[in-house]
Amino acid sequence: MAYAKPFPLAAPQQKASSHPVFGPDLAVRLICPECRDPNPNIVEEFGSGDLVCGNCGLVLGDRIVDTRSEWRTFANDEGDDPSRVGAASDPLMEGIEQLDTVISFRDGGSGLARELQRASSRSQNARSERNILGAFRDISSWCDQFSLPKTISDIAKQLYKRADEEKLLRGKPLEAVIAACIFIACRQAHVPRTFREICNLTHVQKKMLGQCYKALEQAFNLSPGASTTHTAASPSTGPENLLVRYCNHLDLPPNVQAICGDIIIAARKHGIADGRSPVSIAGGAIYFTCHLLGKVKSVRDISAVAGVSEGTIKLVYRLYYADKEKLVKQEWIDEGKANLDRLPFDSTK
């Protein structure tokens, strides 16, 4: 994953020119001045700190920094702890000091350590760096609370850093900007989460989250599931993508999820329940499939998992029930999996 400017700004489309355009060769090559080999064998001698040509032995540079692990310790009273080298460098923190000096809290109860820690934190980092570090901590914390993989956390951090560099959401609440970055990261990583789920996690109003999301989407020309370089686009998040989590929370067998996905695809093909939200369609389809297969789940349980009202689920169910012959495959009935007589008639208005 490329970390250098991963979210380029959307550029206005220009007409393609039929004439070839040539530019200067900006490639930087390190060539030994002695042997003039276009493909030199450059050797880094970390022991002496020199950069040496492997063909002729000419020293090309000195004071080379050894970037390898240094498994040594000088603590005689704390055991053999080979962790003096610190953590690995983070590409997301490029341009920000990553090696911190921590003031010990052991001050004999005098309270000097707390004052020294405050002075050190004020002097070491600028305000913008502290804001980025704080936002990164919030993104990691919220992704952990939501059981999201680290990939989503990294994408959200990249997007927030680019938005901060371009000053795209100046004046917007920090929580709303972070929530929008997490929502976009979920869509890009094909881990669908709804607006309501993100709002419940971050306690951000849906209207404010939508404003931040629209601003980022227009600025970076983002599309659901597209890569950061806009080289490919995949279908948007649909109700069939939400079935995995919903069926797992309802403890349904795997065949329910597969048949429910086929029913949703068939309903979309015939234009049934068009215009409904993906969450409503997923909840109504699960309710329809559970009765069809004899794995009955109450509408209250499905409503609690999907986050929609019971009336909305029943409304989608009635739409599916009206065209049940178009949705249920004959092979399911022949194999004994499905039975149309199990579907209850709901006349609620």
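Strand 2, made of residues 50-53, is buried on both of its sides, with D50 and V52 pointing one way and L51 and C53 the other. Here buried means under 20% relative accessible area, exposed means over 50%, and partly exposed lies in between, with a 1.4 Å probe and protein chains only. Helices (H or I, at least four residues) and strands (E, at least two) are DSSP runs, numbered from the N terminus. The structure is a predicted model, in which local features need pLDDT of at least 70 and side-chain atom pairs count only at pLDDT 80 or more, whereas totals for chains, interfaces and linings use all residues. Residues are numbered from 1 along each chain as its sequence is written, and side-chain values use heavy atoms, leaving out hydrogens and water.

**Strand 2 and its partners**

Two strands pair if DSSP finds at least two bridges between them. Strand 2 pairs in the antiparallel sense with strand 1 (residues 42-45) over 4 bridges, and it also runs antiparallel to strand 3 (residues 59-62), to which 3 bridges join it.

Most residues other than glycine have a negative phi. What is the phi of D251? For D251 the angle is positive, near 60 degrees, and this residue lies in the loop between helix 7 (239-249) and helix 8 (254-269). D251 counts as exposed because its relative accessibility is 66%. A273 also has a positive phi near 60 degrees, and its place is in the loop between helix 8 and helix 9 (278-293). A273, however, is buried, because its relative accessible area is 8%.

**Helix 7 and D138**

The buried residues of helix 7 are P239, L242, L243, R245, Y246 and C247, and they pack against helix 5 (195-202), helix 8, helix 9 and helix 10 (299-306). D138, found in helix 2 (residues 127-145), is partly exposed because its relative accessible area is 32%. Leaving aside residues up to four places away in sequence, D138 touches L174 and I178, where contact means heavy atoms within 4.5 Å. The C-alpha atoms of D138 and K157, which are 19 residues apart along the chain, are separated by 9.9 Å.
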